[in-house]
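Below is a walk through one protein structure, written for someone who has not seen it before.

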Amino acid sequence: MSKLLNKPFKAFTIYALIILACSIPVYYWVVDFIWMNELDEHNQIIKEGIENSFKKSQIEETELNSILKNWNKLQPGSTLTPSNLSATKADSTYTVEHISAYPGDETIDRFRGLSSYISINGKLYHLQVETNVEETAETMLAITVVTLLFFVLLVIGFIVLNKQIAKKIWQPFRNTLEKLKSFDLTARQTVLFDKTDIEEFEELNQSLQKLIDKNISVYTQQKTFIENASHELQTPLAVLKSKMNLLLQNKDITSEQSEILSAVELPVARITRINKNLLLLAKIENSQFAEVENIELTEVVNETNELLNDYITAKQITVVKSLSQKLSVVCNKTLLEILINNLLINAIVHNTREGVIQVEFSGRTLTVSNTGKTALNNEKLFERFAVSSSQTASSGLGLAIIKEICNRYGWQIQYAFQNNLHSFTVTF
Amino acid sequence: MKILIVEDEKELVEDIAKYLSGENYLCEVATTYEQAAEKIWVYDYDCILLDLMLPGGSGLQLLELLKKQNKQDGVIIISAQNSVEDKVKGLQMGADDYLEKPFHHSELAARVHSLIRRKQFNSSNIIQQNEIMIDLLGKNVKVNDVELSLTKKEFELLLLFTGNKNRVISKAAIAEHISGDIADMFDNYDFVYAHVKNLKKKLAEAGCDNYLKTIYGTGYKWEI
């Protein structure tokens, strides 16, 4: 995955490279063309100067010949020789490469020349003016070097600008992303995005805001529904229990009827249990149980153990406690009691007859293990009604409540199955 | 002895009244806040069973009313709210006990019984049933003047039975009486049998008549 801004950056760089590469021959042609034009003009001016001064000075032919001899020797850049042609010819230009005519310079140079015919004293002379011009390769090289230099500058500029722009322009986007990452639906707290002057991001923020608000509202509705539903169930349940109680007191009741009545008692107890737990979950989720205090965990564990003693002995379960260490927790007392209760109740209900329960402290963790046969599905374990079945006394909510309490205080709850032991570890 | 039941669910009110009437209580009923306020104003009750959510007002307001009038009526809150806050608030405002709905009638009867005892006999709080004498304050039991050594749970059990004479008490109700809310979380009440058996044995050894009858498959009954 590459960053969003790096994609156009790559394309821009390649485009700049192509354009700059194409510009090298174009620059060369333009520079060469200007060179040639300027030199032709320059040669023309020299020619005209020579022609004029000869015309003005009125030199004799013999004297002229000796002057020309010396002239051609001393000024090899412009040669004047008598021509055999009978009539004058139009001026022409040419480009040659040869060793410089001046003595002492042995390198081959490029020259721009003008070939012209002038008449002095009625006689036709051939005038050649040559001026040094930069070689093709040298021009090309200079242009390429300069272009490359600019290309490097361009790329460096791109990188710097890209970084700067990315930092500035994408800041609101990163802010939004941060807020989304830390959003927690169960907290039911809407997200307030920072205002931005970039239209697209503002639009994104507004859409997200709407989406989040809608989600929270739906979530809250669902929660309220569950809460209300379980509240509404309370009274009919109370009436049902009450009627069963009265029926039990009936003197004319047969033993068969009384057995049916007892059989009904269990499912009714189970509905009551589920309902109570649903209400409890709703209360925890609604952030009730706000008061916190410093509580010694060992005490709570011992009290709970005491409370559950009847159920433990009824199943002939052995409880092994290693609570040597002190562990104090700051939280709501009721919630902590519910947490420990549920952990231990779970360990009793899902235990085998004559099984074992181990309660251990180590560091800031509490582990409650109990004898079991097969591992549970770790993924769904803490979901509501995930492990519930009509065969067990479980309300299917015990672990969900544990999880909810742990979430409230940022504690970790983990499940493991080892050596035929289900173990739940809470890290405080 | 007069009891006022303040509860808006008619069915529930009737059942409670019916159950408690058998215990020689005179039950009156109020189903709205207005009715309850009026009755509290005019009469004195030994015990008031108070629901917190009422048409026309809250049970907590009635508690305030009682306090203003300096009434000494015993109050047991019966509420479906199941909120710790309400419980604490109610008890702070002068209620004597708090029972969560749904509850077993036997549990309610036992609580009413012990509340009335507490209110009436402040110093010598003793329940006498034939040869059995229970001292609520001293928490001891004598049969024919011989003291029994009962565990705390057996003592609680005996109170439940004596507070529900000639009534069938289900095992679930007994379990809840002994271990409270936690009993809700279990389907198995086997331990009830063990406690009842021990109590029975201790009573018999002290020469007590066998009042405690087992009702097959359902529970127990204190026949007297």
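**Around Asp51(B) and beyond**

In chain B, Asp51(B) sits in the loop between strand E3 (47–50) and strand E4 (53–54). The model is a predicted one, and the values below are computed from it. The UniProt record, an unreviewed entry, places the feature "modified residue: 4-aspartylphosphate" at Asp51(B). Is this residue buried or exposed? Asp51(B) counts as buried because its relative accessible area is 4%, and the cut-off for buried is under 20%.

Which residues does Asp51(B) touch, not counting residues up to four places away in sequence? They are Val6(B), Glu7(B), Asp8(B), Gly59(B), Ile78(B), Ser79(B) and Lys101(B). With Lys101(B) there is also a salt bridge, in which the side chains of Lys101(B) and Asp51(B) meet at 3.3 Å, N to O. This pair links distant parts of the chain: Lys101(B) is in the loop between strand E7 (97–100) and helix H5 (105–120) of chain B, Asp51(B) is in the loop between E3 and E4, and the two are 50 residues apart. Lys101(B) has a relative accessible area of 3% and is therefore buried.

Chain B holds another salt bridge, between Glu28(B) and Lys39(B), whose closest N and O atoms are 3.3 Å apart. Glu28(B), at 18% relative accessibility, is buried, whereas Lys39(B), at 23%, is partly exposed.

Chain B as a whole can be described briefly. Its secondary structure comes to eight helices and 14 strands. Of the 224 residues in chain B, 54% are buried. When contacts between residues at least 6 apart in sequence are considered, 60% of those in chain B join residues at least 24 apart. The accessible surface of chain B is about 9,900 Å², and 49% of that surface belongs to carbon and sulfur atoms.

Chain A also has features taken from the record. UniProt, again in an unreviewed entry, places the feature "transmembrane region" at residues 12–30 and 140–161 of chain A. How much of residues 12–30 is helix, and how much is strand? This span is 100% helix and 0% strand, and its end C-alpha atoms are 26 Å apart. Residues 140–161 of chain A are likewise 100% helix and 0% strand, with end C-alpha atoms 31 Å apart.

Val30(A) lies in helix H1 (residues 6–57) of chain A. Its relative accessibility is 42%, so Val30(A) counts as partly exposed. Val30(A) is also one of the residues of a nonpolar patch on the surface, together with Val26(A), Trp29(A), Phe33(A) and Ile34(A); the accessible area of the patch is about 540 Å².

Nonpolar residues are found in the interior too. In soluble globular proteins, nonpolar side chains tend to be buried together. The largest nonpolar core here has 85 residues, and those with the most contacts inside it are Leu336(A), Trp411(A), Phe428(A) and Phe161(B). Helix H9 (residues 333–349) of chain A supplies the largest share of this core, 11 residues. Another core lies apart from it and has 24 residues, including Val239(A), Ala17(B), Ile76(B) and Leu108(B). Beyond its neighbours within four places in sequence, Phe428(A) is in contact with Leu297(A), Leu327(A), Val329(A), Leu336(A), Leu339(A), Arg364(A), Leu366(A) and Trp411(A).

Ser230(A) is buried because its relative accessible area is 1%. Its contacts, leaving aside neighbours within four places in sequence, are Asn275(A), Leu278(A) and Leu279(A).

The last topic is charge pairing in chain A. Over all chains, the structure holds 22 salt bridges. In one of them the side chains of Glu285(A) and Arg384(A) meet at 2.5 Å, N to O. Glu285(A) is in helix H6 (residues 255–285) of chain A, while Arg384(A) is in the loop between strand E9 (365–371) and helix H10 (398–409) of chain A, 99 residues apart. Glu285(A) is buried, at 12% relative accessible area, and Arg384(A) is partly exposed, at 29%. Salt bridges that share partners join these two residues and Lys223(A) into one network.

Terms used
Residues numbered from 1 in each chain as written. Chains lettered and ligands numbered in written order. Predicted model: local features only at pLDDT ≥ 70, side-chain atom pairs only at ≥ 80, totals over all residues. Heavy atoms only, no water. Patch = residues over 30% accessible without salt bridge, like charges linked within 9 Å, V, L, I, M, F, W, Y side chains within 5 Å. Areas by Shrake-Rupley, 256 points an atom, 1.4 Å probe, with all protein chains shown as cover. Salt bridge = Lys/Arg side-chain N within 4 Å of Asp/Glu carboxyl O. Helix = DSSP H or I, 4+ residues; strand = E, 2+ residues; numbered from the N terminus. Buried < 20%, exposed > 50% of the residue type's maximum accessible area, 1.4 Å probe, protein only. Core = buried A, V, L, I, M, F, W, Y, C linked by side-chain atoms within 4.5 Å. Contact = heavy atoms within 4.5 Å. UniProt positions renumbered as here; feature names shortened; annotations may be inferred.
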